[in-house]
Each structure stands twice: as structure tokens, then as C-alpha cells.
Amino acid sequence: RLGIDAGRQGGAAPAVFNAANEVAVAHFLAGRLSFPGIAECVSAALNDFSKVPGATLDELLRADTAARDHVNARVGC
């Protein structure tokens, strides 16, 4: 559901979803995050960064980096 909502929202939201999901799944596979924690981390990143503009490549890359950093900080890495 989070991915569908991000896609519908547009802008940087799909990039934020993808980046947060990739990092959260990596933490899950490494044993640092529970399975439900994946959705919690992705949701938190979307809440904080989905409104970031995403009209240019630079804006999308900044949103991607912000989402990755957000999940890493949330997990404690």
C-alpha cells in the first residue's frame, strides 16, 4: 500500500519509498530490523520526505539520500 500511495503522490515520493525500502530490507536481512519494522521505516521516511520536490534528477537524488540516511539513523547504523 505504501508503494501505491507513493506512486500516486508523485514527485519525490516514489524515490523516497524505493530508497527507504531498499535500506530497511537490507537491515532486516542483516538481522537488525524486524519484518514489521520495514513498513515502519518506509512509512516514517515517506512522512518526512515525500513532499520534497522531485522535478529534477538532483532533487530525486537528494530525496533518495535523505530517505536512506533517515532509515539508517532510525535503525541505529
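## Contacts and overall build

In the protein chain, residues 24 or more positions apart account for 65% of the contacts with a separation of 6 or more, where contact means heavy atoms within 4.5 Å. The model is predicted, so local features need pLDDT of at least 70 and side-chain atom pairs count only at pLDDT 80 or more, while totals for chains, interfaces and linings use all residues. Residues are numbered from 1 along each chain as its sequence is written, and side-chain values use heavy atoms, with hydrogens and water left out.

The chain holds four helices and zero strands, and its elements run α-α-α-α from the N terminus on. Its radius of gyration is 12 Å, close to the 11 Å that the globule rule gives for 77 residues, so the chain is as compact as a globular protein of that length. That radius is taken over C-alpha atoms, and the rule is 2.2 Å times the number of residues to the power 0.38. Helices (H or I, at least four residues) and strands (E, at least two) are DSSP runs, numbered from the N terminus. Along its principal axes, the C-alpha trace spans about 35 × 25 × 15 Å. Of the 77 residues, 36% are buried; buried means under 20% relative accessible area, exposed over 50%, and partly exposed in between (1.4 Å probe, protein chains only).

## H2 against H3

Let's start the helix pairs here. Helix H2 (residues 13–29) packs with helix H3 (residues 35–49) at an angle of about 150°, their axes 9 Å apart. This makes H2 roughly antiparallel to H3. Axes are lines fitted to C-alpha atoms, for helices over the stretch in contact, and angles run from 0 to 180 degrees between N-to-C directions. Angles under 35 degrees count as roughly parallel, over 145 as roughly antiparallel, 65 to 115 as roughly perpendicular and the rest as oblique.

H2 passes H3 in a right-handed crossing. A crossing is right-handed if the near helix is turned clockwise from the far one by less than a right angle, and left-handed if anticlockwise. On the H2 side the meeting residues include Val 16, Phe 17, Ala 20 and Phe 28, and on the H3 side they include Ile 38, Val 42, Leu 46 and Phe 49. By class, this contact has 14 nonpolar, one polar and no charged residues. Ala, Val, Leu, Ile, Met, Phe, Trp, Tyr, Cys and Pro count as nonpolar, Asp, Glu, Lys and Arg as charged, and the others, Gly among them, as polar.

## Leu 46 in H3

Leu 46 has its place in helix H3 and is buried, with a relative accessible area of 9%. Not counting residues up to four places away in sequence, Leu 46 touches Leu 2, Ala 6, Ala 13, Val 16 and Phe 17. Asp 58 lies twelve residues from Leu 46 in sequence, and their C-alpha atoms are 18 Å apart in space.

## H2 against H4

H2 and H4 pack at an angle of about 30°, with their axes 8 Å apart. The two helices are therefore roughly parallel to each other, and H2 passes H4 in a right-handed crossing. Among the residues that meet are Ala 19, Glu 22, Val 23 and His 27 in H2, and Leu 60, Asp 64, Arg 68 and Val 71 in H4. The contact has eleven nonpolar, two polar and three charged residues.

The axes of H3 and H4 come within 10 Å and cross at roughly 130°. That makes H3 oblique to H4, and their crossing is right-handed. Glu 40, Cys 41, Ala 44, Ala 45, Asp 48 and Phe 49 in H3 meet residues of H4 including Ala 66, His 70 and Arg 74. The contact divides into eight nonpolar, one polar and three charged residues.

Leaving aside neighbours within four places in sequence, His 70 is in contact with Ala 44, Ala 45, Asp 48 and Phe 49.
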